[in-house]
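Hello,

Here is the structure we talked about. Please look it over; my notes follow below it.

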Amino acid sequence: MKRNMLPVLALLLLAAFPHTLPANGYGVGDKATDFRLKNVDGSMVSLADYPGAKGFIVIFTCNHCPYSVAYEDRIIALDKKYRPKGFPVIAINPNDPKVQPEDSFEKMQERAKEKGFTFPYLLDEEQTIYPQYGATRTPHVFLLEKNGGDYLVRYIGAIDNNHSDPEDADEPYVARAVDALLAGNTPHPDMTKAIGCSIKRKK
Amino acid sequence: MTVRISPIILLFMFFTLPRVPVGAQSLPEPTRLLAQDGIRVPIYEGFEQLHPLFTHETDTLRVINFWATWCAPCVEELPYFDELAREQREQPVQVILISLDFRKQLEKRLLPFLRERDLQATVVVLDDPDADSWIDAVDPSWSGAIPATLLLHGTRREFREQTFTREELHTLVESMMEEYP
């Protein structure tokens with residue numbers, strides 16, 4: 001009957017060494033990591049650079065993906081509305097520019113200038129940040145709330161429920177989630193899905 | 001009294017039958033049809049219209065791939081899916097390519113692409129932007145990134161959020177065939 005012990009042993013091992021589990025990214029309630037990534041203006045940006053912020057709208061997005069492009073204006077609007085209230089947008093391009101040349105640092109600079117991005121647009125050059133967050137597509141939002149020295153994940157998912165037409169989007173998920181946090185409430189829904197472009201990993 | 005139809009007339013009748021793409025016979029009723037120069041693409045504006053494809057158990061291996069013309073990794077693996085549709089097999093395979101191309105780009109991008117590729121696989125458009133309402137119905141493990149592929153055979157379901165190589169796709173298809181020798 002030794003064979004029956006194997007699953008039990010495996011479970012015990014997993015319980016003892018949870019870090020050996022494959023990383024699937026954050027769930028709502030998890031502590032998010034800070035980062036130090038290069039912005040399109042050449043500076044390095046961290047969450048710690050914003051002592052006055054109540055939280056952050058972290059958005060993994062990029063130049064090339066039509067879904068990202070469709071949301072550019074809405075991302076700018078989110079930053080303009082919520083930065084003064086303590087929730088600035090931080091955009092991060094997770095793609096490897098060798099796989100997706102349109103997402104190079106230079107092209108990011110061009111796009112940020114063209115569109116007049118009001119928020120940092122960072123490059124996850126080593127591709128180490130997006131897997132920790134568990135971003136799988138662009139755009140992919142992680143709404144963080146500061147809690148003492150921690151950044152707690154409060155919402156994960158889509159910006160709203162209609163990529164093709166902002167007029168038809170009757171569920172502004174991110175705006176509602178930030179409003180809930182500002183009012184001291186828990187966002188609902190706190191997780192949504194959307195179609196997006198897969199993240200282009202280094203080959 | 002018996003009516004005799006000459007074989008030549010029968011042959012003539014066969015070739016004048018409307019040509020329906022392989023696999024298209026069993027498609028649900030679309031919202032509308034995108035048609036140009038002999039290319040006909042059914043457009044579904046609500047996921048629920050396509051829902052039977054994902055739930056109906058069938059002894060035909062159904063391969064459903066979500067893609068778009070602007071999605072480079074999707075276009076890269078598309079020929080392997082089309083090969084599946086072209087291959088002659090003992091077991092029937094139905095390949096359905098669900099395009100998520102944007103509404104405004106169907107005439108400009110999708111139709112020229114289809115004209116150039118001459119795909120044997122069935123192509124349909126899903127134009128239902130409220131994706132959070134239907135992604136989990138395809139598969140709860142799908143994050144929403146494309147390409148994404150679902151294979152259905154009887155009660156067996158295999159979902160992959162990945163770009164396939166030719167070998168990977170064939171290995172998976174063969175493994176799903178084995179259950180129905």
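The largest nonpolar core has 92 residues. A nonpolar core here is a set of buried Ala, Val, Leu, Ile, Met, Phe, Trp, Tyr and Cys residues joined through C-beta atoms within 7 Å. Buried means 20 or more other C-beta atoms within 10 Å of the residue's own; exposed means 12 or fewer, partly exposed is in between, and C-beta atoms are placed from the backbone. The residues with the most contacts inside this core are A:I57, A:A91, A:V141, A:F142, A:L143, A:V174 and B:I146. Contact means C-beta atoms, placed from the backbone, within 7 Å. Setting aside residues up to four places away in sequence, A:F142 touches A:Y26, A:A32, A:V58, A:Y133, A:V153 and A:I156.

Some ground rules. This is a predicted model: local features need pLDDT of at least 70, side-chain atom pairs count only at pLDDT 80 or more, and totals for chains, interfaces and linings use all residues. Residues are numbered from 1 along each chain as its sequence is written, while chains are lettered from A and ligands numbered from 1 in the order in which they are written. Helices (H or I, at least four residues) and strands (E, at least two) are DSSP runs, numbered from the N terminus.

Chain A

Start with A:A135. This residue lies in the loop between α4 (129–133) and β6 (137–138) of chain A. A:A135 counts as buried because it has 27 C-beta neighbours inside 10 Å. Beyond its neighbours within four places in sequence, A:A135 is in contact with A:F60, A:P94, A:Y130, A:H140 and A:I199. A:N147 is 12 residues from A:A135 in sequence, and their C-alpha atoms are 22 Å apart.

Now helix α2 of chain A, residues 66–82. The helix has 17 residues and reaches 24 Å from first C-alpha to last. That is close to the expected 24 Å, where the expected span is 1.5 Å times one less than the number of residues. α2(A) bends by about 45° at A:E72; the bend is the angle between axes fitted to the seven residues ending there and the seven starting there. Its buried residues are A:P66, A:Y67, A:S68, A:Y71, A:I75, A:L78, A:D79 and A:Y82. These pack against β3 (55–60), β4 (89–93), β6, α5 (173–182) and β9 of chain A.

Between the chains

The interface puts 15 residues of chain B in contact with 15 residues of chain A. On the chain B side, 10 are nonpolar, two polar and three charged. Ala, Val, Leu, Ile, Met, Phe, Trp, Tyr, Cys and Pro count as nonpolar, Asp, Glu, Lys and Arg as charged, and the others, Gly among them, as polar.

A sheet crosses between the chains. Strand β9 (196–198) of chain A runs parallel to β6 (145–146) of chain B, joined by two bridges. Strands pair if DSSP finds at least two bridges between them. A:C197 has B:I146 as its bridge partner. The open sheet has three strands in the order β6(A)-β9(A)-β6(B), with mixed pairing. β6 of chain A and β6 of chain B stand at the edges with a single partner strand each, so one side of each has no neighbour in the sheet.

Chain B

Chain B has six helices and eight strands. Of its 181 residues, 33% count as buried.

How many residues of β7(B) are buried? Six of the six, so this strand (148–153) is largely enclosed by the rest of the structure. β7(B) pairs antiparallel with β3(B) (61–67) over five bridges; B:R62 has B:L152 as its partner. β7(B) also pairs antiparallel with β8(B) (156–160) over five bridges, and B:L150 stands opposite B:F159. β7(B) and β8(B) form a hairpin with two residues between them. In that turn, B:G154 has a positive phi of about 60°.

Backbone points to check

Most residues other than glycine have a negative phi, and most peptide bonds are trans. A cis bond joins A:T138 and A:P139, with omega about -10°. The bond from B:I146 to B:P147 is also cis, with omega near 5°. B:D37 has a positive phi near 45°; B:D118 has one of about 50°. B:D37 counts as exposed because it has 8 C-beta neighbours inside 10 Å. B:D118 is exposed too, with 8 other C-beta atoms within 10 Å.

Best wishes

Notes
Two residues are in contact if their C-beta atoms, placed from the backbone, lie within 7 Å.
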